[in-house]
Amino acid sequence: MKTTWIKGLLACSLSALVLAGCGSTNGDGGDSSGAKKQKLVVSTWGFAEDFYNKEVYEPFEKAHNVDIVLETGNNADRLSKILQGSSDVDVIYLSDYYAQQGIEAGAFEKIDRSRLKNLDQIYDIAKAPNGEEYGPAYTVGQLGIAYDPKAAGMKIESWSDLWKPELKGKLTMPSITSTSGPMMVDAASKVAGSAEFNEDKAFERLTALNPSVVKYYSKTSEFVNMFTQGEAAAGPIMQMYVGDLQKAVPGIEFVTPKEGAYAIINTLNVVKGSKNKALAEEFIDWQLSQEVQEKAAKAKVDSPANKNVKLTAEEAEGVTYGPEVVEKLQKLDMGFVNSHLKTWTDRFNREVTR
Amino acid sequence: MKKRYLYVLLAPGLLFLTLFMIVPLILTVGSTFFKDGGFTAGIYAQFFKDAYFLDILGTTLLVSVMTTLLCIVIGFPVAYYLSKLPPRKKGIMLALAIFPLLTSSVVRSFSWMIILGKNGLVNNLLTALGIIDEPLSILYTPAAMIIGLVHLFLPLILITLVGVMESIDHDLVRAAQSLGASRLTAFRKIVVPLSIPGLIVGSILVFVGSLTAYTTPALLGGKKRVVATFLYQNAITLNDWQAASAIATIMMIITFVVIGLMNKAAAKFKPKG
């Protein structure tokens, strides 16, 4: 009885294999016949999709006779997919912090800077956020503090104001594993009064802040939601999202803290093994161009990294704009952050959020 | 002899499960025992000595047990009511009861945020009625998680209980009453014991579901973590798949232990004869 059972199973799995084999040969034959349009797979967040489709992807598709295929998701999910292999992504949009993780895991191709003709129009801070060998940043935004003056019952001007007792139970802070999490570790170290970064002092300050915090957010939508539900009255957030916030809750103010705002940098990289490396670099260059950058800034989709972008005062509302702002932003060393992230997350879990 | 060929019918399913469930499970569990080329169970020792992890595990178990108990308390009378309805009406009512399962857990959780928030329905109502002065903090607490999970999993216990209760012969209840039992006694001595199998299956589904739920605790829970969100942090944001696999293994073992215990309990309650 038993042997026949196994035989049956074997026969079945064999036939399945044969069938699978047939399937793939057929597929190959189909692909090679006929001149097909080139395909560029772009991995991105998927926000402002209408804008990107109309102003970024479509013009590029027409100019280069290529089909752009999108893969969308948050930083972590998309990077994790690439690190697990079996992905055909050519270009990936990532925050500098996740880009660094990708670089350390060897997930990206080295970029050919001679192809990036628009590079000299870009702010220095954006040229090589993860080193000369890897992709540039196409947007530089600032992380400051948004708050509802009425609900907070005070004026906020600096990072250290977050520690004021008036904000007890009214604060939402970024979770340690989100892009701005490590920036808060740095801010806490500054608030503790140390000129050099001091990890112990930083965590001591963050622990002292914990009773004020309602929830550590990991998505901007959570942040906005907490304000509309009256759960939070203040918290660090990117300037670009303040517009959405003000639509939901009128009266919200955004401040650049006295100690300095942090640079939120989003990068573009070519994924290792891309068969369309040259085209991918063309695409990156297109995203850096004054044309795209200006449209994105005016649509309030991305703050420009291109110095030639000119905005009126009204257009610049809610956008991180102008050399006097951009050049003052503080940038964390992502290599340093990455090498400490595991310890920081552990300490954050154990010491801060207990 | 013909029976032999019937086993072949199992093969496609078996092959699928072996390839896509059993092999990955073995790989997941296996990967947790190898570190630096040696065989070790050190990672588990670390977890169980770690007060932080035990705290998370405690919260998760508490939330799961509370969710299961609440589902039983709310679900049992509703299921009995449903099982007594005429078929047409029962179909409609059951469909309504199952409805929460058909909506995305993200949408469902956002609805609860609107209800439970400081500017939410519950707080507005309570303040308007003068019962409270200051809005209560419900959202972003374990209580919010439990509310969300009960809403999510109540249908599971309803479906299993209604199925079992329908098959209870109502003549037994009538016989008990004709022999002098009160309605309550008849319910307690006939309906409850005969519903135990459905109750056990339903409870297991709810408990395991709550134990492993991710979206609801992530959106409705506050600073308190559960095992599933901890696992996500390890795997996705820290890229520590070994720790994540170990957590997954611990969750699996807890699940098996709970199922075993519940089945044992069920055997005890089984009406004799």
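How many bridges join β4(A) to strand β9 of chain A, and in what sense do the two strands run? The legends below answer this and describe further close-up views of a predicted model.

In this predicted model, local features need pLDDT of at least 70, side-chain atom pairs count only at pLDDT 80 or more, and totals for chains, interfaces and linings use all residues. Residues are numbered from 1 along each chain as its sequence is written, chains are lettered from A and ligands numbered from 1 in the order in which they are written, and side-chain values use heavy atoms, with hydrogens and water left out.

**View 1. Strand β4 of chain A and its antiparallel partners.** Strand β4(A) covers residues 137–147; strands here are DSSP runs of E with at least two residues, helices are runs of H or I with at least four residues, and both are numbered from the N terminus. Two strands pair if DSSP finds at least two bridges between them. Six bridges join β4(A) to β9(A), residues 262–270, and the two run antiparallel. Within β9(A), A:Ile265 is the bridge partner of A:Val140. Strand β7(A), residues 234–238, is joined to β4(A) by five bridges, again antiparallel, and A:Ala234 in β7(A) is the bridge partner of A:Tyr147. Strand β8(A), residues 253–255, pairs with β4(A) in the antiparallel sense over three bridges, with A:Val255 as the bridge partner of A:Ile145. Eleven of the eleven residues of β4(A) are buried, where buried means under 20% relative accessible area, exposed means over 50%, and partly exposed lies in between (1.4 Å probe, protein chains only). In a regular strand the side chains alternate between the two faces of the sheet.

**View 2. The loop between β1 and α2 of chain A.** This loop lies between β1 (38–44) and α2 (49–64) and contains A:Ala48. A:Ala48 is not a glycine, yet its phi is positive, about 45°. Most residues other than glycine have a negative phi, and most peptide bonds are trans. A:Ala48 is partly exposed, with a relative accessible area of 29%. A:Trp45 is found in this loop too, but A:Trp45 is buried, at a relative accessible area of 19%. A:Trp45 and A:Thr72 are 27 residues apart in sequence, while their C-alpha atoms are 5.1 Å apart in space.

**View 3. A:Lys300 in a loop of chain A.** A:Lys300 lies between α12 (290–298) and α13 (323–326) of chain A. The phi of A:Lys300 is near 55°, a positive value in a residue other than glycine. With a relative accessible area of 38%, A:Lys300 is partly exposed.

**View 4. The second largest pocket, lined by residues of chains A and B.** A pocket is an open set of points on a 1 Å grid over the protein atoms alone, where a 1.4 Å probe fits, with protein on both sides within 12 Å along at least five of seven lines; lining residues have an atom within 4 Å of a point. The volume of this pocket is about 350 Å³. Of its 17 lining residues, the closest to the centre are A:Lys342, B:Gln46, B:Asn234, B:Asp240 and B:Ala243. At least two lining residues come from each of α14 (334–352) of chain A and α2 (42–49), α11 (227–237) and α12 (241–269) of chain B. Helix α14(A) gives the largest share, five residues. By class, the lining has five nonpolar, six polar and six charged residues; Ala, Val, Leu, Ile, Met, Phe, Trp, Tyr, Cys and Pro count as nonpolar, Asp, Glu, Lys and Arg as charged, and the others, Gly among them, as polar.

**View 5. Two helices of chain B and their local contacts.** B:Thr60 belongs to helix α3(B), residues 51–84, and is buried at 3% relative accessibility. The side chain of B:Thr60 reaches the backbone oxygen of B:Ile56 at 2.7 Å. This is a polar contact, a pair of N or O atoms within 3.5 Å; within protein, one must be able to donate a hydrogen and the other to accept it, and residues adjacent in sequence count only if both atoms are side-chain atoms. At the start of α8(B), residues 170–178, a side-chain oxygen of B:Asp169 comes to within 3.1 Å of the backbone nitrogen of B:Asp171. Helix α8(B) is followed by B:Gly180, whose phi is positive, near 105°.

Notes
Grid points are joined across faces, edges and corners, and a volume is the space filled by probe spheres set on the points.
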